[in-house]
Amino acid sequence: MLENQILFSIIIPTYNRPQPLTNCLQSLANLDYPHNRFEVIVVDDGSKISLDTIVKPFQNQLNLTLISQTNAGPASARNTGANLAKGKYLGFTDDDCTLDPNWLSALENTFSKIPNALLGGKTINALPDNPYSTASQLLIDYIYDYYNLNSSQAEFFASNNFAVSRELFNQVGQFDLNFPLAAAEDREFCDRWLFSGYSLYYVPQAIIYHSHNLNLPRFWQQHFNYGCGAFHFHQIRSQRNETSMKVEPLRFYLQLLAYPLMTKYQILSKVLISGLLFISQLANVLGFLNTKLQNF
């Protein structure tokens, strides 16, 4: 296959999740898009089991490469995949996501109009019966509503569903590997992208379904980690902008807790989800303060 035939390189970091990865790869095989126009790069970030048997059945259906590295986190794995990519554009997703068949078509259509923008798609919770997964996705939905009111002047997209020019991704500097946890490196990249003079654009037709299976301990740890990452993000941004460290105003959190009340869930579900969002922000604050104390 000639390199110039490949328009997209889809990069998937993975770690010890063979069944979700299988589902992800099956959705890629089902994309309604010419298979000679994209490649798939799976980066095994030090899984304890071999992924060869997972990947092999798909190598006859996809232009698929599996590469392994010592465990270093998803940001490092994404950069590893980007460094091997041949496509003009990089599409990032995660191993616990499945892609809508029109995902690449929606991205290509938008890139044809604004080739230098970072494009973010719509993420839908694939586990609606799991209250922790629902609350976690609703938090992302709220953040998108808060920061991306104007689709052509967006400020943040999560790295499980965005795409970018490979040339500009390398020019801006890839994902920052100084983040100690898998949290906020995508937020920092989006902020650095904007600081470099480029735009973010929301493409709601580029849909993925996220199967992030959570329970209360994992939910707490996830948002504690987000707080740790948030401290490093605000620290880096303040240094880049040469300003004092600033965090979101109080109204951000008050509006977040009220956000479930505007959904179509039944009242008990709304109260439960609002309570889980409160727990998420408590974990976030404790993670932020814990990291701040460690750095002083």
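Select Leu268 to begin the tour of this predicted model: Leu268 is exposed, with a relative accessible area of 72%, and its place is in helix α10, which covers residues 267–294.

Next, go to Asn161, which lies in strand β7 (residues 161–165). Asn161 has a relative accessibility of 1% and therefore counts as buried, since buried means under 20%. If you leave aside its neighbours within four places in sequence, the residues in contact with Asn161 include Phe92, Trp103, Leu119, Lys122 and Ile207.

From here, show the strands of the sheet. The sheet is open and has 8 strands, in the order β3-β2-β1-β4-β7-β6-β8-β5, with mixed pairing. Look at the two edges, where β3 (64–69) and β5 (97–99) each have a single partner strand, so that one side of each is left without a neighbour in the sheet. Neighbouring strands of this sheet are turned by 30° against each other on average, if direction is ignored.

Now select strand β2 (residues 38–45) together with β3: the two run parallel and are joined by 6 bridges, and Val43 stands opposite Ile67 in β3.

The side chains of Arg187 and Glu248 meet in a salt bridge, with 2.4 Å from N to O; because Arg187 lies in helix α7 and Glu248 in the loop between α8 (216–241) and α9 (250–258), the pair ties together parts that are 61 residues apart in sequence.

Another salt bridge joins Glu188 to Arg192, whose closest N and O atoms are 2.8 Å apart, and both of these residues are buried. Then select Asp191 and Arg240, whose side chains meet in a salt bridge at 2.7 Å, N to O; Asp191 lies in helix α7 and Arg240 in helix α8, so this pair ties together parts that are 49 residues apart in sequence.

Technical notes. Residues numbered from 1 in each chain as written. Predicted model: local features only at pLDDT ≥ 70, side-chain atom pairs only at ≥ 80, totals over all residues. Heavy atoms only, no water. Helix = DSSP H or I, 4+ residues; strand = E, 2+ residues; numbered from the N terminus. Buried < 20%, exposed > 50% of the residue type's maximum accessible area, 1.4 Å probe, protein only. Contact = heavy atoms within 4.5 Å. Pairing = 2+ DSSP bridges. Axes fitted to C-alpha atoms, helices over the stretch in contact; angles between N-to-C directions. Salt bridge = Lys/Arg side-chain N within 4 Å of Asp/Glu carboxyl O.
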